[in-house]
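Here are my notes on the model you sent over. Have a look at the structure first, then work through the points below.

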Amino acid sequence: MKKLIKIFSVLLLLVSAVVTGALATGPAATVSAASSKNVKKVASGTVLKKIKKSGKLVVGLSADYPPLEFTKNVNGKNKYVGVDIELSKQIAKDLGVKCEIKNMDFDSLLVALETGKIDVIISGMTPTAERKKSIDFSKIYYAEKNDYFVINKADKGKYKKTSDFKGKTVGAQTGSLQYTVMKKHGLPGMKVKGLAKISSLLMGLKSGKFDGVLLGELNAKTYAMNDSNLALVKSTLKQDQMGNAVGVAKGQKDLVAAINKTIDKCQDKDLFNKKFIPAAAKDMKTATKKSNNSMTKYTSYFVTGLEYTMIITICSVLIGLVLGVIFALMRLSSNKLLHAIAVCYIEFLRGTPEMVQIMFVYFGIGMLVKNLPALVAGIIAIGLNSGAYVAEDIRSGINSVNIGQTEATRSLGLSQAMTYRYVIFPQAFKNIWPALGNEFITLTKDSSLVSTIGVGELMYQTGLVQTATYRGVMPLFITMCIYFVLTFLLTRLLNFLERKMNLSSSRA
Amino acid sequence: MNSIIEVKHLKKNYGDKEVLKDINAEIEKGKVITVIGPSGSGKSTFLRCLNLLEKPTSGQVLFEGTELTDLKSDDLDKLRQKMGMVFQNFNLFPNMNVLENIKLAPMKVKGMADGEATALAHKLLKKVGLDEFADHTPTSLSGGQQQRVAIARALAMKPEVMLFDEPTSALDPEMVGEVLKTIQDLATSGMTMVIVTHEMGFARKVSDEVWFMADGYLQEKGSPDEVFDHPTSDRAKDFLAKILEA
């Protein structure tokens with residue numbers, strides 16, 4: 001019990017260290033962010049010179065928004081394509097330099113621009129008043145004039161105008177402008193359903209779950225161009241679209257002027273409608289061609305996904321095991337405080353959804369610890385969750401060992417620690433093992449939940465392949481098979497180890 | 001002072017139930033004591049209080065003058081080495097073979113070298129007549145054999161007292177004899193022993209003292225002849241009459 005108290009005090013120290021550390025880094029991070037604004041801020045009129053000197057324009061974007069910016073698989077390699085990339089190339093060309101793309105989270109773009117990591121942002125960014133406080137914008141280079149209802153071509157006769165959607169179910173991307181528009185100005189009786197991904201919305205449309213899907217003009221047109229089963233109906237719902245502009249660090253008048261010149265030129269020639277959008281559509285379409293949407297071309301996606309899934313699984317299993325042992329011992333401890341803490345932990349983590357826990361760790365702890373990567377957050381959350389289940393597996397395994405074994409061992413003069421080590425654990429382990437095996441398999445599958453916070457594991461990659469190939473079911477099927485092979489092999493391995501252990505004990 | 005264990009006003013409650021009410025007793029060195037009495041009278045609880053597998057509710061247990069109930073767990077572990085215990089259900093360790101069962105405590109507690117412990121284990125196995133089973137698993141042995149291994153395991157710590165908790169109750173009748181013989185051999189060698197048993201014939205033959213226990217009290221103490229042939233308490237008379245009828 002003394003040892004348990006020691007272990008516990010170490011744990012407490014660790015926790016308090018983490019918390020104080022987090023509290024310390026919280027303000028510190030803010031300070032450094034602030035200082036980056038004041039100190040490292042890009043000096044006026046220097047960016048254009050830097051571009052000319054280095055001979056390249058570094059464009060920051062978040063390549064997850066087709067057809068503006070997305071990735072294309074060329075011989076297994078990622079290539080950035082889309083309307084914004086076409087514009088970037090044009091601007092670079094007019095400046096007489098090469099164009100370099102830096103892909104990052106949309107949220108990170110502003111900081112990257114302010115700290116000079118990128119020269120411009122061309123990422124479908126709307127020049128909101130909030131953003132204008134920290135950076136400058138070019139003129140609007142493209143404004144979506146309209147939203148469109150995407151419908152099944154078979155329903156073309158049924159839906160001809162906006163009012164035809166009265167009382168119908170319409171899907172939109174959660175958090176998108178179109179979603180807001182329908183919520184605000186939707187028709188009476190119109191049911192608005194939100195999904196996170198356009199590919200899921202279109203699958204829902206095809207399977208009859210929605211009567212229509214409201215998308216912005218670009219998205220709607222490119223998807224319709226790529227899928228002959230879809231048709232478009234122009235929406236007349238009120239919308240307040242602002243359009244997209246190029247983001248530039250404050251005080252770069254010369255660069256803004258140069259960019260505006262290129263934008264003017266593109267608009268004069270109507271390059272967006274004549275060249276950029278068709279090019280983007282073609283890039284999307286190449287994916288939908290029979291020869292190009294074969295899943296073998298996307299092997300690298302699945303491999304990357306599998307790698308992440310395995311990293312998450314292995315790390316979480318290790319965390320879960322360590323926590324599981326600690327909390328099982330705490331729960332079995334005669335110390336009431338330790339026991340209570342363990343019970344609270346176990347009951348709470350088993351009594352709340354894992355998905356919520358993952359999001360809570362990512363967003364909640366992310367508030368304290370800046371730059372907490374989603375992968376780490378996911379591993380922590382799944383590890384914490386697993387710890388609760390492992391603790392119960394271990395506890396029930398230990399309890400399943402006859403009390404007589406403890407009594408016999410103690411009567412020989414062995415200490416409690418020795419009793420556990422030489423007599424209880426070796427016997428409990430055989431009971432714990434199958435339960436642990438189950439837990440590992442569950443955990444492997446549960447790792448798919450971290451796709452919700454954007455970790456590039458198998459489920460997330462499946463989404464990417466779905467978007468890229470316009471095929472909803474096939475990628476899912478492949479992923480299902482991969483998970484099955486993974487868990488099947490794991491089961492075999494666990495069974496093999498179990499047999500080996502049983503053999504060794506019966507021989508002994 | 002010749003007594004190795006002294007028990008003073010020992011009480012043990014399980015919740016509201018008083019199992020041991022007020023036990024006072026002394027165990028002299030070299031004596032063999034059998035504790036008899038009806039089921040549920042607290043015999044086993046009493047025995048398990050002697051090495052503190054059960055924590056007494058109140059009262060004292062003294063081993064060679066040392067008060068056990070006050071001891072820290074480290075010191076208690078040391079004293080337990082001097083009190084070997086044999087259980088009704090043998091409680092051999094199924095994750096070890098027979099030899100390892102015996103070697104565990106000498107090696108881990110006393111730090112005995114492997115070779116020495118092995119030699120000791122073989123010697124003890126010979127003593128209980130089971131040396132040929134040294135590398136068997138406990139579960140492959142008969143109940144009687146398992147109990148003899150359990151006795152050897154307890155002896156490996158060279159205890160000063162042996163406590164037997166109904167050592168033959170879980171055995172098939174034909175195996176009772178071999179275990180009783182082993183215990184009897186041990187008694188002849190001068191080991192101090194406390195045996196809780198239902199084997200009246202054996203108790204009579206082997207004991208220096210017989211203690212009759214009922215209703216949480218030690219009702220009667222005396223030589224086998226005194227207790228079996230001339231019981232004074234009604235409780236003892238009643239109990240013995242029933243046993244003899246059967």
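**Notes on the sheet and its helices**

1. Strand E7 (residues 147-152) and strand E10 (residues 212-216) of chain A run antiparallel, with 4 bridges joining them. Two strands count as paired if DSSP finds at least two bridges between them. One pair to click on: A:Tyr148 has A:Leu215 in E10(A) as its bridge partner.

2. Zooming out, that pair sits in an open sheet of 5 strands in chain A, ordered E9-E8-E10-E7-E11, with mixed pairing. Strand E9 (191-195) and strand E11 (230-234) of chain A are at the edges with a single partner strand each, so one side of each has no neighbour in the sheet. From one strand to the next, the twist averages 35°.

3. Now the helices. Helix H6 (residues 177-185) of chain A lies across E7, strand E8 (169-173), E9 and E10, at about 140° to E8(A). Helix H8 (residues 217-226) of chain A lies across E7, E10 and E11, at about 120° to E10(A). Axes are lines fitted to C-alpha atoms, for helices over the stretch in contact (heavy atoms within 4.5 Å), and angles run from 0 to 180 degrees between N-to-C directions.

4. For the whole of chain A, count 18 helices and 12 strands, taken as DSSP runs (H or I, at least four residues; E, at least two) numbered from the N terminus.

5. Housekeeping: this is a predicted model, where local features need pLDDT of at least 70, side-chain atom pairs count only at pLDDT 80 or more, and totals for chains, interfaces and linings use all residues. Residues are numbered from 1 along each chain as its sequence is written, chains are lettered from A and ligands numbered from 1 in the order written, and side-chain values use heavy atoms, leaving out hydrogens and water.
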